[in-house]
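Colleague: Can you put the model up? I'd like to go through it with you.

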Amino acid sequence: MNAMRSHVTCRRGSVLIVVLWACLGLVAVTLTFGHSMLMTYRGTDNDLAGRQADQAIEGAARYAETLLANATTPGLFPELASYEREAVPVGEATFWFLGRPLETGNGNTREYALVDEGSKLNLNTATAEMLEKLPGMTPDFAAAIVEWRTAESGTTTSAAASSSTVKHAPFESIEELALVTGATREILYGEDANLNGVLDANEDDNDKSLPADNGDGKLDPGILEYVTVFTREPNTQADGTPRVNVAMPTPSAELNTLLKEKFGDTRAQEILSSLGTDQTPGPIVSLLDFYTRSGMKEDEFGQIVDAITTTTGDYRTGLINVNTASETVLAALPGIGSEGAAKLLAARASRTTQDTNIAWVKETLGSVDAPRAGVFLTGQSRQVCADVAAVGRNGRGWRRAKLVIDASGTTPRIVYRRNLSGLGWALGSDVRQTLAQQKEVR
């Protein structure tokens, strides 16, 4: 009898163990499915956030296009106070325009703004001497850049260029520089590995992590920060009529008519007489050269500066906006140099408003250097870079894109787009912490 009871007890114990294992298996399966569902939910949430960030970038692009289309004075770069730039909401998403405060301090100050393409050297028009003055450049690389864009003639201008395949056609993007002989990551990027214009922690750790840096607490960007291929402005007046070419050997009838319309017969004759008796050798080479020789006053020049030109063709290409260019870029121009660039920045800072009248450059540089520099200068820009960073709901779905918007035609349009999301987070730790706190509140 005892043996039978023991056998029954063992069977019952075995059943209990089997049931317990079955329950454990069911719990494990439930947890597995639950974890899988959680991961699916998180993945879906991240995908939704990414799509929201993508749409925020598209919204930022339309916003920038609208700013340019509705500009009160075509060609004037938008004033900071005239548009939203930081943490701009688009539904549940948010976007930022990443600015470039490279020369307002040591590169640590973050700025949110659109970037003027007209503040940069154009790779298709800058001379080798101008390119050589950019940070980290070498004479051979500068010569190779010029060789790359120059139409084929059967000869080369540099040993570096002659040893490789050369395009012999204009640059189509600044990334094309990587194909030119002599290009290195250090020359192109400098310490700014993510191209956000701000010194991040990994860019100031004395080579403990990529990129290579000197740990001096100051951002040293590469030449990609200072060059473009998109700058051009229409060689027409605001109403679409051709500008008057003032680089003629003798004043034209069109110039005579323009001056009479603006200033009357007497003053027009005085200006024409000054041009006729000017002893400066050679033809007029720039608008500042014309201003210097004409004896006009600054406010008078401002009334006709958008109606005159010294070139032919539908567009003036590669001019640099003296209202927005950095000290580094200005110092690379003939007639300016480091000392002149510092003077220009000081004079620019003292001006209360921005306009297309660049007569103040002559007052700053003098009547000898200003005409030389004027060959490369303008007071306007028709191309804007929107470096847009965006996140979706809960601060997730990081996206970043660089867009160049061209307003030199009838309507602004995007002429360049590059996905920069792969370069990593570019908004700094403060924004990351703010987004995390907002997520906790929600």
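**Pockets, cavities and burial**

Colleague: Which helix gives the most to the lining of the largest pocket?

Modeller: Helix 10 does, with 3 residues. This is a predicted model: local features need pLDDT of at least 70 and side-chain atom pairs 80 or more, while totals for chains, interfaces and linings use all residues. Numbering runs from 1 along each chain as its sequence is written, and side-chain values use heavy atoms, without hydrogens or water.

Colleague: What counts as a pocket, or a helix for that matter?

Modeller: On a 1 Å grid over the protein atoms alone, a pocket is an open set of points with protein on both sides within 12 Å along at least five of seven lines, and a cavity is a set where a 1.4 Å probe fits but cannot get out; lining residues have an atom within 4 Å of a point. Helices (H or I, at least four residues) and strands (E, at least two) are DSSP runs, numbered from the N terminus.

Colleague: Which other elements supply at least two residues of that lining?

Modeller: Besides helix 10 (337-350), strand 3 (115-116) and helix 9 (327-331) each do.

Colleague: What volume does the largest pocket have, and how many residues line it?

Modeller: About 1000 Å³, with grid points joined across faces, edges and corners and the volume being the space filled by probe spheres set on them. The lining has 32 residues, with Phe-77, Asn-323, Thr-324, Ala-325 and Arg-348 nearest the centre.

Colleague: How does that lining divide by class?

Modeller: Into 13 nonpolar, 9 polar and 10 charged residues. Asp, Glu, Lys and Arg count as charged; Ala, Val, Leu, Ile, Met, Phe, Trp, Tyr, Cys and Pro as nonpolar; the others, Gly among them, as polar.

Colleague: And the second largest pocket, what lines that?

Modeller: Its space is about 430 Å³. It has 21 lining residues, and Pro-74, Thr-236, Gln-237, Ala-238 and Arg-382 lie nearest its centre. The classes there are 11 polar, 5 nonpolar and 5 charged.

Colleague: Moving on. How many cavities are there of 30 Å³ or more?

Modeller: The count is 4. In the largest cavity there is about 170 Å³ of space, lined by 16 residues, with Arg-100, Leu-195, Leu-224, Glu-225 and Lys-402 nearest the centre.

Colleague: Which strands supply at least two residues of its lining?

Modeller: Strand 12 (383-391), strand 13 (399-406) and strand 14 (413-419) each do. The lining of the largest cavity has 8 nonpolar residues, 8 charged and no polar ones.

Colleague: What about the second largest cavity, which residues line it?

Modeller: Among them are Glu-233, Leu-287, Asp-306, Arg-316 and Gln-380. That cavity holds about 60 Å³ of space, and its lining splits into 4 nonpolar, 4 polar and 3 charged residues.

Colleague: What follows helix 7?

Modeller: Gly-295, with a positive phi near 75°.

Colleague: Last one: Glu-176, buried or exposed?

Modeller: Buried, at a relative accessible area of 9%. Glu-176 sits in the loop between helix 4 (159-162) and helix 5 (185-189). Its C-alpha is 35 Å from that of Ala-81, 95 residues apart along the chain.

Definitions and conventions
Buried < 20%, exposed > 50% of the residue type's maximum accessible area, 1.4 Å probe, protein only.
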